[in-house]
Amino acid sequence: MTDNDDMTTESDDMTTDSDDIAIDGAIKPKLIEAKQTWARDGRLLTGATADPARDRLPPGQRLVRDWPVLDLGAEPNVTPERFRLDFDGMVENPLHLTLDDFMALPQTDSVSDMHCVTQWSRYDNHWRGVAARTLLELARPKPEARHAVFHSHDGYTTNVRLDQFDQPDVFLVHLWEGKPITRQHGGPVRMLIPRLYLWKSAKWLRRIELTGRDRPGFWEVRGYHNNADPWREERYG
C-alpha cells in the first residue's frame, strides 16, 4: 500500500466524483480486507527504530530503483481543464485554484527520499511543485487550526498535524524526475510529505482542509498508525 493506492468502495467499472471526474476501474474490497488483516497481525514489523539523522533507510525497508504502482484498480482521470484545488476550513482566506492558478504560484525544485509502508524506499527523488508553506501564507490558518485533512478525487482522505504539514520539505508536486506525475502516481498534483510513510501523501489531490480536531482518514481508521513515522516504524496503530 502506498498513499491512497487502496481506496474507496466503489464497485462500478467507471464512476465519477462530485466534480464529474471519471474514475476508471473498480475497487477490490478483498484487498482492503487483506491490508486490514496486515494491520491486525502487525505484518512487516521488525520492532526496530532508527535515527533519521544517522540512518537514511528506516527499519524494515528495502531500496528500489523504480517507483512501484500499488492500487486497488480505480484511478481518477483529472484532466487539466477539470483540476480544482480548495484550501479551506479554519483559514482566513480560503483558496480555490484552477491548474493555471496553481502553476502561477512560486515553484520550487526539491530532492527527497520516499518510504512506502509496504517496505520499499527510493532515494533521491527530484520533484517540482508548490511548497506547503506558500499555501499556508496565502490561506492564513486561524489560531485554532491544529490539523490538516487531505481529500482526493477518489474519496480518499488522510490526516496530519498542522506542524507536520508546515515543514520546508512538504510540497504539492506536479513533476517527478523532470516529467509530469502520471495519473497512476496521482497526477496532475499530489501531496508529498517525505518524512512520513507515503500513504500520507495523498494522490489526486482535491482539497486541503484545516481543522481544530484530528480526523483520522481512510487507512488510519482501518488500523494504520495515525502518525506514520518510518523511523519509529509506525506502520500500524
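**Strands and partners**

Biologist: Which residue in E10 is the bridge partner of Val149?

Modeller: Asn159 is the one. Before we go on: this is a predicted model, where local features need pLDDT of at least 70 and side-chain atom pairs count only at pLDDT 80 or more, while totals for chains, interfaces and linings use all residues. Residues are numbered from 1 along each chain as its sequence is written, and side-chain values use heavy atoms, with hydrogens and water left out.

Biologist: What makes E9 and E10 a pair?

Modeller: Two strands pair if DSSP finds at least two bridges between them. Strand E9 (residues 147-152) is joined to E10 by five bridges, running antiparallel, so they pass that test. The names come from DSSP runs, numbered from the N terminus: helices are H or I with at least four residues, strands are E with at least two.

Biologist: Why are E6 and E10 called edge strands?

Modeller: The sheet is open, with five strands in the order E6-E5-E14-E9-E10 and mixed pairing. Strand E6 (95-98) and strand E10 (157-161) each pair on one side only. On average, neighbours in this sheet are turned by 15° against each other, direction ignored. Axes here are lines fitted to C-alpha atoms (for helices, over the stretch in contact), and angles run from 0 to 180 degrees between N-to-C directions.

Biologist: Which helix lies across E6?

Modeller: Helix H3 (residues 132-139), at about 130° to E6; H3 also lies across strand E5 (84-89) and strand E14 (205-211).

**Inside the fold**

Biologist: What makes something a nonpolar core?

Modeller: A core is a set of buried Ala, Val, Leu, Ile, Met, Phe, Trp, Tyr and Cys residues joined through side-chain atoms within 4.5 Å. Buried means under 20% relative accessible area, exposed means over 50%, and partly exposed is in between (1.4 Å probe, protein chains only). The largest core here has 48 residues, and Phe87, Phe150, Phe165 and Ile208 have the most contacts inside it. H3 gives the largest share, four residues. Apart from that core lies another, of 13 residues, including Trp67 and Trp176.

Biologist: Which residues is Ile208 in contact with?

Modeller: Contact means heavy atoms within 4.5 Å. Leaving aside neighbours within four places in sequence, the partners of Ile208 include Phe87, Leu135, Phe150 and Phe165.

Biologist: Why is E11 called largely enclosed?

Modeller: Six of its six residues are buried, so the rest of the structure largely encloses E11. Strand E8 (residues 120-131) pairs with E11 over five antiparallel bridges, and there Val130 stands opposite Leu172. E11 also has three bridges to E13, running antiparallel, with Phe171 opposite Leu192.

Biologist: How do you know that the length of H1 agrees with what a helix should span?

Modeller: The expected span is 1.5 Å times one less than the number of residues. For the 13 residues of H1 that gives 18 Å, and the end C-alpha atoms are 18 Å apart, so the two agree.

Biologist: What puts the buried residues on the same side of H1?

Modeller: Ile32, Lys35 and Ala39 are the buried ones.

Biologist: Why does Gly187 count as buried?

Modeller: Its relative accessibility is 6%, so Gly187 counts as buried. Gly187 sits in the loop between strand E12 (179-180) and strand E13 (190-192), and the peptide bond from Gly187 to Pro188 is cis, with omega near 15°.
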